[in-house]
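Reader: Please walk me through a single part of this model in detail. I like to have the cut-offs beside each term as we go.

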Amino acid sequence: MTDDVLTPQYSSAQIDAINAELDGKTPQDVLRWAVDNVEGLFQTTAFGLTGLAALDMISKISVDREETHLVPLIFLDTLHHFPETLQLATTASETYLAPLHVYRPVSPTGTELESAAAFAAAYGDKLWETDEGSYDYLVKVEPAARAYKALGVRAVITGRRRSQGADRADLKVLEVDERGLLKVNPLIGWSFKEVKEYIHAENVPYNPLLDQGYRSIGDVHSTAVPDPSAASDASERSGRWQGKSKTECGLHTNYFEMKKRFEQRAKAGAAEPAPDAAKTAEA
């Protein structure tokens, strides 16, 4: 057992029974259940449309109960987000009075990094091209694990939906990952169209890049406007990692495998600073 392993809140049999009960329920019903029955509940979000819809729904549940925002937010600042995404994180937190915890990558000595230039100085220029697995671990997986430990996270609300296809096609409302972390997926049954309609109907703040044709927004270097001729929800994330078979950033991949591979690469020198990294930072 390690500090990364959580004591499950529910047994496998209980999870199956709860999934049977919640399948087909509205997102609001799922969120009410989670708020009432789950310990250490947070929402991890990069402020995509589905995450924003869930945020708005949680806010309305909180207001109905005359309480402050019931589920704190965790935002992983990879240092490579679009400026619009960073502004939206602040706007959404302020709009909903939602506590926002921001976690960033750290240097090899454990110091939190503040910019893309500092990241390049620590790990080399364009690490996502030279060692994509280490990049994903450094900017998403490790900061998330650090956040979970520091904040006492035992469960997270995600913005994943079945209609997004690939690894998400068979999602259940509740999942427990290899660490024992409970993942709550309240909008799994909604389409992109339904999410977008909700956002506009409820005047939810959203990323202005969506008005330029983007549908799924991640890092600047791995996000493009998807093919407009591919209109299905399964192509929603086609603008991410174009030309690659990759469909997830690492957060929903086996944590222990990601960590082990990173440590092996680091030991072999794959994630050490490039010789000209300092020059890159000064450029």
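Author: In α2, the buried residues are Pro27, Val30, Leu31, Trp33 and Ala34, where buried means under 20% relative accessible area with a 1.4 Å probe, protein chains only. This is a predicted model, in which local features need pLDDT of at least 70 and side-chain atom pairs count only at pLDDT 80 or more, while totals for chains, interfaces and linings use all residues. Residues are numbered from 1 along each chain as its sequence is written, and side-chain values use heavy atoms, without hydrogens and water.

Helices (H or I, at least four residues) and strands (E, at least two) are DSSP runs, numbered from the N terminus.

The axes of α2 (residues 27–37) and α3 (residues 49–64) come within 10 Å and cross at roughly 60 degrees; axes are lines fitted to C-alpha atoms over the stretch in contact, with angles from 0 to 180 degrees between N-to-C directions. This crossing of α2 and α3 is right-handed, that is, the near helix is turned clockwise from the far one by less than a right angle. On the α2 side, Pro27, Gln28, Leu31 and Arg32 meet Ala54, Met57, Ile58 and Ile61 of α3, with contact meaning heavy atoms within 4.5 Å. By class, the α2–α3 contact has six nonpolar residues, one polar and one charged.

Conventions
Ala, Val, Leu, Ile, Met, Phe, Trp, Tyr, Cys and Pro count as nonpolar, Asp, Glu, Lys and Arg as charged, and the others, Gly among them, as polar. Buried means under 20% relative accessible area, exposed over 50%, partly exposed in between (1.4 Å probe, protein chains only).
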